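Q: I would like to go through this structure step by step. Could we talk it over together?

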Amino acid sequence: MEANLKRYLFLGEFDSILLGFFSKRGEVIWVSSLDEALNQTGNFTLIIVDSNIFKTKLSSNLRTHYPQTPILVSNGDKHTDPPPYVRFVKFEEIIDTQIMKEEKLARTELKVEELRKTHEKSKKLLILLHDHPDPDSIASALALRTLLKRNKQTAVIGHLGEKISRPENVAMIEILDIDLHELVPEDLKEYDSISMVDVQPPYFGDLIERVDSVIDHHPQVSKYEADFQDISSEEGATSTIMTSYLRSAQVEISERLSTALLYGIRTDTVVLNRDANADDIEAFTFLYPNANLGLLRRIERAEIPSTEIKCFGQALADHWIEKNIFFVNVGRVKREYLIPKMADFGIQVKGIEWSVAFGILSKTHLVISIRNVGYVKSAGRLMRELFNEIGSAGGHRSAGKAVIPLSQVRKIVGSGSQDKIKKWLTKVISVAVVEKNGNEN
Ligand SMILES: [Mn+2]
């Protein structure tokens with residue numbers, strides 16, 4: 001007998017499918033009584049007992065006779081007081097979960113077909129990101145390009161707005177060698193098809209007349225036209241949606257793309273902590289073995305320029321706490337990322353449930369970044385409710401952001417003085433947060 005041949009002893013009634021699965025793994029011996037089970041020669045890899053005949057006494061008999069063999073009890077309900085060496089396994093459930101997964105992927109493949117058709121005729125496609133591209137949006141764009149079997153020439157990844165500044169994002173672009181184009185509105189004419197990932201048309205106001213496809217995980221806020229729309233707001237990252245597209249279409253995911261998507265999921269869900277669901281975890285687990293963790297570490301360790309350390313110090317000096325909300329005025333900044341970085345910092349302060357950081361960017365806009373601890377999930381909604389009328393606002397459940405032109409701010413507070421802005425924001429945000437807590441309790 002081969003040393004590594006697996007032998008399975010089945011005792012009781014079993015579905016032929018289950019027996020079939022095990023016979024593919026090794027030798028199956030199927031008996032109907034305990035006596036027969038105890039009369040076998042040789043050893044077994046595993047003993048599987050039918051739940052209908054399972055009794056503690058029966059398992060201890062088997063245990064005495066085959067002291068080295070673990071015992072599984074198939075299906076049936078969990079025993080109230082299971083003997084320590086017996087595992088209860090619902091085989092039907094395991095198979096059911098797998099079937100569901102395959103079914104989901106098969107259905108996703110139909111979507112992918114539709115998406116591919118949408119852009120089929122395009123000679124020059126634009127994959128458009130929001131104005132401040134983050135790892136999730138960049139990775140999703142790369143994934144879409146791969147999914148559509150296009151290259152740098154036939155599918156350009158671009159964004160409007162300013163050059164990206166957050167050190168990790170700059171590092172991601174450099175280390176993964178991603179060609180991200182800074183566009184101005186006139187450039188849009190060059191493209192015969194537009195796809196938006198990680199953002200939806202209303203974000204751009206009236207700037208973009210026609211969008212062919214939209215793939216996003218932010219909640220849908222208003223209606224718009226697009227041939228293909230996939231808004232899965234239950235997912236923690238657009239990268240999760242794109243990973244399922246690639247898997248369902250059986251497209252090979254390169255090391256570079258795996259690394260990018262993994263980083264996208266990591267950052268949007270703060271290492272699977274914020275707004276992550278089972279799909280995010282599944283996508284993460286799938287990508288992990290194929291990603292380059294060395295590159296990831298280099299991206300994440302991106303240094304903050306020493307000249308900017310001073311800004312952090314100055315900003316922190318100007319903080320206050322009102323109703324468990326941490327506020328910090330970052331002041332005038334050249335690079336926007338300092339503001340969300342400070343909001344991230346504030347949420348770590350003991351006893352804090354919300355953290356708000358704001359500052360004035362390139363002398364023209366007030367940028368507000370907000371975080372909450374997670375169980376009061378409505379940061380994006382809060383930002384929209386408060387600031388949508390006067391600027392652009394939105395975000396996830398536990399992280400939100402608003403960008404408001406200073407001209408609008410002046411209309412409300414009378415002047416652009418930082419003192420007045422501080423008072424105004426402290427008031428509107430603390431009132432809204434208290435109201436929200438009231439509603440949800
Ligand atoms: Mn995202």
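Predicted model: local features only at pLDDT ≥ 70, side-chain atom pairs only at ≥ 80, totals over all residues.

Q: Is F44 buried or exposed?

A: F44 has a relative accessible area of 6%. The limit for a buried residue is under 20%, so F44 counts as buried.

Q: How many aromatic pairs does the structure hold?

A: There are eleven aromatic pairs in the structure. In one of them, the ring centres of F44 and Y66 are 5.5 Å apart and the planes stand at 80°, so this pair is edge-to-face.

Q: Which parts does that pair of F44 and Y66 tie together?

A: F44 belongs to the loop between helix 2 (34-38) and strand 3 (46-50), while Y66 belongs to the loop between helix 3 (56-65) and strand 4 (71-74). The pair therefore links parts that are 22 residues apart in sequence.

Q: And Y66, buried or exposed?

A: Y66 is buried, at 2% relative accessibility.

Q: What kind of pair do W320 and F358 form?

A: W320 and F358 form an edge-to-face pair, with 6.2 Å from centre to centre and 75° between the planes. W320 is in strand 12 (residues 319-322) and F358 is in strand 14, so the pair ties together parts 38 residues apart in sequence. Both W320 and F358 are buried.

Q: Which residues form an aromatic cluster?

A: One aromatic cluster is made up of Y8, F10, F14, F22 and F91.

Q: Back to charges over rings: where does R247 lie?

A: R247 lies over the face of F286, at 4.0 Å from the centre of the ring.

Q: New topic: cavities. How many are there of 30 Å³ or more?

A: The count comes to one cavity of 30 Å³ or more. The largest cavity has a volume of about 30 Å³.

Q: Which residues line the largest cavity?

A: The lining of the largest cavity consists of N329, G331, F358, G359, I360, L366, Q418 and I421. Two or more lining residues come from each of strand 13 (325-333), strand 14 (354-361) and helix 15 (418-440). Strand 14 gives the largest share, three residues.

Q: What classes of residue are in that lining of the largest cavity?

A: The lining of the largest cavity has four nonpolar and four polar residues, and no charged residues.

Q: What about pockets? How much volume does the second largest pocket have?

A: The volume of the second largest pocket is about 580 Å³. The pocket is lined by 23 residues, of which K104, T108, S244, D279 and E282 are the closest to its centre.

Q: Which elements give two or more residues to the lining of the second largest pocket?

A: Those elements are helix 4 (91-119), helix 7 (238-248) and helix 9 (278-287). The largest share, nine residues, comes from helix 4. By class, the lining of the second largest pocket has six nonpolar, six polar and eleven charged residues.

Q: Could we turn to a single helix? How many residues does helix 5 have?

A: Helix 5 (residues 135-147) has 13 residues. From its first C-alpha to its last, helix 5 reaches 18 Å, close to the 18 Å expected at 1.5 Å a residue.

Q: How many residues of helix 5 are buried?

A: Helix 5 is mostly covered, with twelve of its 13 residues buried. Among them are P135, D136, R145 and L147.

Q: What comes just after helix 5?

A: Just after helix 5, K149 takes a positive phi of about 55°. K149 is placed in the loop between helix 5 and strand 7 (155-159). Its relative accessible area is 68%. The limit for an exposed residue is over 50%, so K149 counts as exposed.

Q: What is the phi of S362?

A: Phi of S362 is near 40°, a positive value in a residue other than glycine. S362 lies in the loop between strand 14 and strand 15 (365-372). S362 is partly exposed, with a relative accessible area of 36%.

How values were computed
Residues numbered from 1 in each chain as written. Heavy atoms only, no water. 1 Å grid on protein atoms, 1.4 Å probe; cavity = no way out; pocket = protein on both sides within 12 Å on 5 of 7 lines; lining within 4 Å. Points joined across faces, edges and corners; volume = space filled by probe spheres on them. Helix = DSSP H or I, 4+ residues; strand = E, 2+ residues; numbered from the N terminus. Nonpolar A, V, L, I, M, F, W, Y, C, P; charged D, E, K, R; others polar. Expected span 1.5 Å × (residues − 1). Buried < 20%, exposed > 50% of the residue type's maximum accessible area, 1.4 Å probe, protein only. Phe/Tyr/Trp six-rings, centres within 6.5 Å; stacked < 30°, edge-to-face > 60°. Lys NZ or Arg CZ within 6 Å of the ring centre and 35° of its normal.
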